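The sequence and the structure come first.

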Amino acid sequence: MFDILVVGGGVSGMSCALVLGSAKNKPFATDKKIGIFTHQKTSSLQEALFNNAYGIPPGKLGSELLEESTEHLSKAYPHITQIPEEKVLKIEGQFPKFTVLTNKNSYQTKIIVIGIGSANTFAIDGLMHYVEPHQKSLPEKQRIQLKNSDHKVAEGIYVIGTLAGWRSQLAIAAGSGAAVATDILTAWNDGVQTHAHDSIR
């Protein structure tokens, strides 16, 4: 049983996982089992080029960033389980016990964070009734989002990035993933507002 599974290995999903991973020494997070589905084949970053993203050198390819992010997560936070090359097809159950079915396996988790793209090909059974037109995208693009309130879709289900209704900017997606991670850390800390920062002091 996972405490949390993040679906999506793009910017928002990786950002969420990195922030969760960085809290590993916090008393309320030391025993948490965290996993992330790092399926990246259909990520919009595969064709992206970054010239205006904070902290990223101009000319960085999105495909490079995808590869580097999984390596970063693996080296910095090896306690997080990366699940590559599996596509989530269905989510069953309710908080605090969900079953996530992929094209290869099934997993149980208490919390789910969905961080895949906003294309209208979205087809995760069990979440389709939350789908609505994207509020910040041109209508002709036919983008979708999951109905949510401050990233929360339902008890134990969160959505991040463009699928949460945000615009497709790397900094926005990263911030969305980090925001949900800190919300979850706060919940694990019995509601006491928290975050995870490293310091050279």
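Where is the place of His151? His151 sits in the loop between strand S10 (144-146) and strand S11 (152-154).

## Basis

The model is predicted: local features need pLDDT of at least 70, side-chain atom pairs count only at pLDDT 80 or more, and totals for chains, interfaces and linings use all residues. Residues are numbered from 1 along each chain as its sequence is written, and side-chain values use heavy atoms, with hydrogens and water left out.

Helices (H or I, at least four residues) and strands (E, at least two) are DSSP runs, numbered from the N terminus. Buried stands for under 20% relative accessible area, exposed for over 50%, and partly exposed for values in between (1.4 Å probe, protein chains only). Contact stands for heavy atoms within 4.5 Å.

## Surroundings of His151

His151 is buried, at a relative accessible area of 6%. With its neighbours within four places in sequence left aside, His151 has contacts with Ile157, Tyr158, Val159, Ile160, Ala164, Trp166, Ser176, Ala179 and Val180.

## Nonpolar cores

A nonpolar core is a set of buried Ala, Val, Leu, Ile, Met, Phe, Trp, Tyr and Cys residues joined through side-chain atoms within 4.5 Å. The largest one has 26 residues, and those with the most contacts inside it are Ile4, Leu20, Leu73, Val113, Ile184, Leu185 and Trp188. At least two residues of this core come from each of strand S1 (2-7), helix H1 (11-21), strand S2 (34-37), strand S8 (106-114) and helix H3 (170-188). H1 gives the most, with six residues. Apart from this core lies another, of 23 residues, including Leu5, Val88, Val100 and Val159.

Val113 touches Ile4, Leu5, Val6, Val7, Cys16, Tyr158, Ile160, Val180 and Ile184, with residues up to four places away in sequence not counted.

## Salt bridges

A salt bridge is a side-chain nitrogen of Lys or Arg within 4 Å of a carboxyl oxygen of Asp or Glu. By this rule there are five salt bridges. One of them joins the side chains of Asp3 and Lys110 (3.3 Å, N to O). Asp3 lies in strand S1 and Lys110 in strand S8, so the pair ties together parts that are 107 residues apart in sequence. Asp3 is buried, at 10% relative accessible area, whereas Lys110 is partly exposed, at 34%.

Glu68 and Lys60 meet at 2.8 Å, N to O. Here Lys60 is buried at 16% and Glu68 is partly exposed at 34%. The pair Lys152 and Glu155 meets at 3.1 Å, N to O; Lys152 is partly exposed at 32%, and Glu155 is partly exposed at 47%. Lys90, Glu92 and Asp125 are linked in a network of salt bridges.

The expected span of a helix is 1.5 Å times one less than its number of residues. Helix H2 (residues 62-76) has 15 residues and reaches 21 Å from its first C-alpha to its last, close to the 21 Å expected. Its buried residues are Gly62, Leu65, Leu66, Ser69, Thr70 and Leu73. They cover an arc of only 135° around the axis, which puts them on the same side of H2; the arc is that of the directions from the helix axis to the C-beta atoms. Exposed Glu67 and Lys75 are on the face turned away from the buried side of H2. The cover over the buried residues of H2 includes H1, S2, strand S3 (49-50), strand S4 (60-61), strand S5 (81-83) and H3.

H3 has 19 residues and reaches 27 Å between its first and last C-alpha, close to the 27 Å expected. Among the residues buried in H3 are Val180, Ile184, Leu185 and Trp188. Just after H3, Asp190 takes a positive phi of about 55°.
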